[in-house]
Every structure is written in C-alpha cells, then in structure tokens.
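This note is meant for a colleague who is opening the structure for the first time. Please keep the sequence and the model at hand while reading the points below.

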Amino acid sequence: MLQDDLPERDMKGFVLPELGRLQETGDPWAPYQLLDRSGVIVEPVRVFFAELQAGNKPGSTVRSYGMDLLRWWRFLGAFDIAWNQATRADARDFTRWMKIANKPQRLHWRHRKAGYTAETAPKPKTTRKKIPGTPNVITGKASPGPQYAARTRAHCETVLRTFYDFHLDEGTGPIINPFPLDRSRRSGRVNAHHRPDQPFRREQTGRYRPTIPQRTPRRIPDEMFNALFAALRHHRDRALLAFWVSNGARAEELLTSRQRDALPGQQLLGVIRKGTRAYQQLPCSTDAFVWLRLYQEELRRDGVPAGRDLPLWWTLRRPWRALNYDAARAMFNRANDLLGSNWSLHDLRHTASYRLARDPSMPLTDVQWVLGHAHLTTTQLYLPASQDEVIERVLVHHARQAQQRQRPPAPLAPGYNPDSLKTLFGNSW
C-alpha cells in the first residue's frame, strides 16, 4: 500500500503536546540536550548536536536547531511514531500543521513557577490594544502574528532535512529522508552552468520549504530614535543604544564585551562576532563613551563588581548578573511601549548600517568590515533608499504633478492657431 493511500490524518484540531524539553547544561562539551517525555536524553539528537559542534557551529545555532527538533519530536510523540520510521506523509502533515496552527503561548518564568497555565496566567497590563499581525501605526512594521512565520517554517524544514541527511549518511536513520529536495532540483549538479562573474545561487530547495518574502532592511528615523532615546531611564540603556547605533554590532555581540574591551581614548570597543567567534574592535561614537562613563560611575556607587575580565554590562538589581539578550530586549520593549512603536534591537543594527552605507565618503568595503558581512552583496542591501524616504519622494512627486496641473498654460506665440495645436497635441493646448 502506498503512503498516499493511507487514511488521512485529521490535523484540524491538533494541539502540539508539551512533551520533552530542550535543556541548557552549561557544559561546553554539550551545551544543549534534548530530553524526551521521560527525561531521557534523545541519543540521535545528541549525536547530531556533536556533529554541529564539530562543524564549528556556535551554541546559539545548536539551540535554534534544538528548538526545531523539539517541535518535531513532540509531533512524533503525539502520534506514537518512532523518529527513524517517519515517512514523507508524516513530514507533509507536520509542514501543513505548521502552516495553519497557532504558536503556543509562552508563560513567563514567574507564572510558570506559580503553577499558572496559558489560560489562567494574568494578562500583561498595556495601555494600547495590540492586534497580532497588524502593521504598527508608527513604524509600519507588522507585529508577530499568531501563526508560525514563513522564516520559522523554512528554518524548521532545513533543520529536519539536515538532521535526516546526517543519519542517512551515518546509516543510523531511515533509508529515505522524510524531508526531500524539490523534485525539479534533485537531479543534476548544483550550479552546473555557473558563470564565474556571477554569485552562486541556492539551487537546492526542499520540497516542503515555504517561499520566504524578501525583506528590506528597516532603519529607525532620526526623530524616532531621539524619542526612543529620551524614553530610556538609565545611563546603561542609553549607552547600549548609543553603541548599537554607532558601531553596527549585533545585539548579542555587544553584550559579550568585557570591561577591558572599552578603549575610550581610541574610541574602540571589542566584541565577539556571532558566526566566527572572532574578536574584533569596532570604532564607536564619542557620545557612546560619554554615556558609558556615566553608567560606570553608577556601577561604582552601587558596588557592582569591577575587573578587567568581568562583563561590561550588568543588571540593575541585586544579585548582580551579566546582562543577557532577553533582559536587553525587555528594556527596549519597555521604551517601545511608551511610544506605541515596535522597533526591534536588530533595527538598531540596520540603522547603523544604513547610515554608514549611505555616506558617500565611506567605502562599501569598510562598511562590510564593520558589519562583519561575509559577502559584499549583503552590505549592498543598505544602499537603496529606505521605505520612508521612497514614500516621501513619491508624495513630493504627486505634489509637483498637482501644481503643474493647476498652473495656467503658457501663452501661444504669435502666428499659431490654437485649434491646430489642439488637433496635433490634444487638449493640453
């Protein structure tokens, strides 16, 4: 019997059960472990994580892969399917479910400790009603919708296809990958007719991979950035924003800086790059170091530990802990709530990139070095005008057209017949 002849699985009311979890161990040898419903380490995933680590993948990549594998393991556990017996019909149902299902609601850790569920947890107090998936009236950015985004589904498909390809090569998984390549892309050599003067194209696409809409980098206008900066309440937060918007570092990269990495005399700040994990000193504005100095004075008065090898950024409450990405994002979201906007921390990197790339005195290769892009084509994304600038120019164009229509026609030169000109050129004469 073919797998397509099997009775169709009813997925309309399916709810993904919370079976198993992804656990952070703190061990550099195995930073993350996937546990099943019984709390036992999932051995196929453990071996795959070791392969990722051997391939020089950072811990953040292992975590993102683990979240997708956890979702797939929960799906298999709900229907009592062994991971090495999953078929393409199971992968197809999983992909269809991710397209129509709502994302599970994540509970705050305080509510989780108190024993709340997603239905009984207190709702956050906000002054503005937020409708998921609708564009923000200030920024024009759509808020995250209730369903899985296309990028999330595409990332999940890539992870699962890579996971089964690995076990297929090792001989420990099924003989057929449940997440195959597209039928039109399986045969033939990739980039067989590649031209040397053209970049390589991604010609291998998964069959169940969704189409990802092209997104243009969105910068924060200067007036909105000033409003965000004024909404911050602490010197630490002002220093963070000043560094993000001046050196173009990623949000998590700036948080890796140590106290020895800040060199105000040279206007340099050292960070650990996300992909390569290489140490790089980035030039920053003088304003950023002014706010950093004010923040360090607060640290000294509050008794925060000081040392060259200690973190540069700390929490504002005892017990003192190194500031992580989630806490920095929560700080930025509080400023967003005051303004009714929905800018993200990554928009600060886009803003710095846009300012650097649009400077005619700044070589594009220098901008590439500052941003840490592997390819110059990625840096070129910041060369075109931003969306708000294009909209402003188009509106000015319409205004000019309206003024020209209202302007009276120029008088005819002596000797021309108006009726003859109307016959030749239309009613504009």
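The numbered points that follow take up salt bridges, helix packing, backbone features and surface in turn.

1. The coordinates under discussion are a predicted model. The remarks below should be read on that basis.

2. Salt bridges overall. Over the whole structure, a search finds 19 salt bridges.

3. A pair within helix H3. Arg 96 and Asp 93 form a salt bridge through their side chains, with an N to O distance of 3.8 Å. Both residues belong to helix H3, and because they are three residues apart, about one helical turn separates them.

4. A salt bridge of 2.6 Å, N to O, joins the side chains of Lys 141 and Asp 347. Lys 141 is in the loop between helix H4 (109-113) and H5, while Asp 347 is in helix H11 (residues 345-357), so this contact ties together parts of the chain that are 206 residues apart in sequence.

5. The side chains of Glu 389 and Arg 219 meet in a salt bridge at 3.5 Å, N to O. Since Glu 389 sits in helix H14 (residues 387-406) and Arg 219 in the loop between H5 and H6, the pair ties together parts that are 170 residues apart in sequence. Both Glu 389 and Arg 219 are buried. These two residues also take part in a network of salt bridges, in which they are linked with Arg 358 and Asp 388.

6. Packing of H3 and H5. Helix H3 (residues 88-100) packs with H5 at an angle of about 160°, and the two axes are 10 Å apart. That angle is over 145 degrees, so H3 is roughly antiparallel to H5. Their crossing is right-handed.

7. Packing of H6 and H10. How far apart are the axes of helix H6 and helix H10 where the two pack? The axes of H6 (residues 222-231) and H10 (residues 325-339) are 9 Å apart, at an angle of about 110°. The two helices are therefore roughly perpendicular to each other. H6 passes H10 in a crossing that is right-handed.

8. The loop between H9 and H10. The peptide bond that joins Arg 318 and Pro 319 is cis, with omega at about -5°. Pro 319 lies in the loop between helix H9 (286-302) and H10. Arg 317 is found in the loop between H9 and H10, and at 66% relative accessibility this residue counts as exposed.

9. Positive phi values. Most residues other than glycine have a negative phi, and most peptide bonds are trans. Asn 56 has a positive phi, near 65°, and is located in the loop between helix H1 (43-54) and helix H2 (59-78). With a relative accessible area of 58%, Asn 56 is exposed. Arg 277 also has a positive phi, near 60°, and its place is in the loop between S4 and strand S5 (279-283). Arg 277 counts as partly exposed, at 46% relative accessibility.

10. Leu 268 is part of strand S4 (residues 268-272) and, at 17% relative accessibility, counts as buried. From C-alpha to C-alpha, Leu 268 and Phe 289 are 9.3 Å apart in space and 21 residues apart in sequence. Which residues make the nonpolar surface patch of about 310 Å²? The patch is made by Leu 168, Ile 175 and Ile 176. Of these, Leu 168 lies in helix H5 (residues 150-170) and counts as partly exposed, at 33% relative accessibility.

Conventions: Residues numbered from 1 in each chain as written. Predicted model: local features only at pLDDT ≥ 70, side-chain atom pairs only at ≥ 80, totals over all residues. Heavy atoms only, no water. Patch = residues over 30% accessible without salt bridge, like charges linked within 9 Å, V, L, I, M, F, W, Y side chains within 5 Å. Areas by Shrake-Rupley, 256 points an atom, 1.4 Å probe, with all protein chains shown as cover. Salt bridge = Lys/Arg side-chain N within 4 Å of Asp/Glu carboxyl O. Helix = DSSP H or I, 4+ residues; strand = E, 2+ residues; numbered from the N terminus. Buried < 20%, exposed > 50% of the residue type's maximum accessible area, 1.4 Å probe, protein only. Axes fitted to C-alpha atoms, helices over the stretch in contact; angles between N-to-C directions. Parallel < 35°, antiparallel > 145°, perpendicular 65-115°, else oblique. Left-handed = near helix turned anticlockwise from the far one by under 90°.
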